[in-house]
Amino acid sequence: MSRRLRLGFLTIFAAACAIAFTLLLLYTFSRPGLRVRIDLSQTGTGGLSERTVSAIVQLPEGCRLTAFLFPEDDSLRWYNSTVYEQAFHRVRSLVEDARVHSAGNLETLVLDLQSPMVAREREMNRSERKPGEAIILESGTQRRVLSFEDLFQILRANFQDETPARIQRERIDAALGDAIISLVTGATLKAGIVTGYGQASIQDPQGLMGLAQLLARENWEPLAINGPADAADLDLLVFVDQKQPFLPTDLAAIQEWLAADKSVLLALGPNASPAAVNQWNELLADRGTGFEPGLICEPVRAAGTMIEGRAECAKLEINAERFSGEHPITMPLVENQRLLLIIGARPVRFASGTNDYTQERLIRTDKEAWVDLPNPNGFLYAFDDKEERGIRAVAVASERWAPNAQGRHGRIVTLGSSASLGPGLDYNRDFVTSSLQWLAAADRHASGLIGLGERPFHPDRQTLARINNISIYGIPGVTFLFGLWIFWRRKR
């Protein structure tokens, strides 16, 4: 066979390979289930988390996600702020990631100021969108709505030094995952927030409105009730800053509730009624938890030294070292190095109870903390001879060793700070969210959904270096050697 004929066959073979590759590529592009997005970021957080992907692959056919990327808050654009530009770029990326992982079950539409006005008006009217709503997720007649504040925590502009607003923390992955899980599971649990014993209203922005909104985002239906006697058909009772002890009917109802091993979220601060505290200590005696008097304080750093006697001593900065690394509530906080700010906490009792229940200290102080005892002038936030330093429990979780006959776990979370569920909720949102998921008997990582092995590719630094070497040196080098071989063969 002549050299020209061999070269012709080689050219025809290369052309056939190129045509086959092109057809395969076009077929892949036409099938959403065959598309893959690779996360090449150094931290592996460029795409959706495994938890959110596990929820997405469970979506039924015909789901729809509409993103409305409209800059509606002028204060986020003052002083040349780029909050909206950064946020919208991130939303577009993760919405596309969700579409790819859904294998064609999720239809996505992103609308912004550049979209045709007719399309914008049509979608806003169809979805009944309200100002501030950024993402609307729909499946049949069910829908979940996420506002811009649900997706991003913003540090507002400072008018004094003209500092522009900026994104303080991104919450879009967790918010989108929660919405999808809520949409997939369908069922909504009911949480009763007790307000009949001096607690704040769930309609008060400075009260328990934030907690009620957080419950709603976590697939709970928040309901304001006067007392435990009104909680017959509920799944969770929430007590925050109880001012008076229970009336006899409510006391009997909460005893029956605990005996039935139903879930409770309890937060009593240092100013709670002593009679109410004593009632709860008797109710929780068999679980080895309850509340102690006083206010937990820690020295604070100011001007390069540790000082006491200031109100800031009652604001406890809790880092990952003070979380329990083995409990489902705090394990994600340890893994992600979260930081909490617990405001005005009384010590929580952490002792042995009966053998029916477990006890786990979720949050603790360091060894330099002390319990400030009240005096006629109130708390002094300073250590004296009547007090002692040492580690104190701030939050404790308790549950049965095994579920009862009705499948209930009897889960209770006791927190020594009521302000952390009220005005200070933004500083402790991760802990409260994780606690609500545990109280709902849901796994934070899997959320009760079956993973199908569809996960984003998160290469480590060594693998990323290999990919860079192959793309920069390997592919061009092989192409050069192949061309050099053809040139050498033709010269012969």
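Good morning. I begin with a pair of residues: Ala191 stands opposite Leu236 in strand S9. The model is a predicted one, in which local features need pLDDT of at least 70 and side-chain atom pairs count only at pLDDT 80 or more, while totals for chains, interfaces and linings use all residues. Residues are numbered from 1 along each chain as its sequence is written, and side-chain values use heavy atoms, with hydrogens and water left out.

Let us stay with S9. The strand covers residues 236-240; strands (E, at least two residues) and helices (H or I, at least four) are DSSP runs, numbered from the N terminus. Strand S7, residues 189-194, runs parallel to S9 and is joined to it by 3 bridges. Strand S10, residues 263-267, also runs parallel to S9, with 5 bridges between them. Two strands are said to pair if DSSP finds at least two bridges between them. Within S10, Leu265 is the bridge partner of Val238.

Are the residues of S9 buried or exposed? Of its 5 residues, 5 are buried, where buried means under 20% relative accessible area, exposed over 50%, and partly exposed in between (1.4 Å probe, protein chains only). Leu236, Val238 and Val240 point one way from the strand, and Leu237 and Phe239 point the other way.

S9 and S10 also form a right-handed β-α-β unit with helix H8, residues 248-259. Right-handed here means that, with the strands pointing away from the viewer, the path from the first strand over the helix to the second runs clockwise.

I turn now to the second largest pocket. Its volume is about 830 Å³. A pocket is an open set of points on a 1 Å grid over the protein atoms alone, where a 1.4 Å probe fits, with protein on both sides within 12 Å along at least five of seven lines; lining residues have an atom within 4 Å of a point. Which residues are closest to the centre of this pocket? Of the 31 lining residues, they are Gln153, Arg171, Asp426, Tyr427 and Arg429. The largest share of the lining, 4 residues, comes from helix H7.

Finally, the cysteines. How many disulfides does a search of the whole structure find? The search finds 0, a disulfide being a pair of cysteine sulfur atoms within 2.5 Å. The sulfur of Cys297 has its closest cysteine sulfur in Cys313, but at 6.0 Å that is too far for a bond. Cys297 is buried, with a relative accessible area of 0%, and Cys63 is buried at 1%. Thank you.

Technical notes:
Grid points are joined across faces, edges and corners, and a volume is the space filled by probe spheres set on the points.
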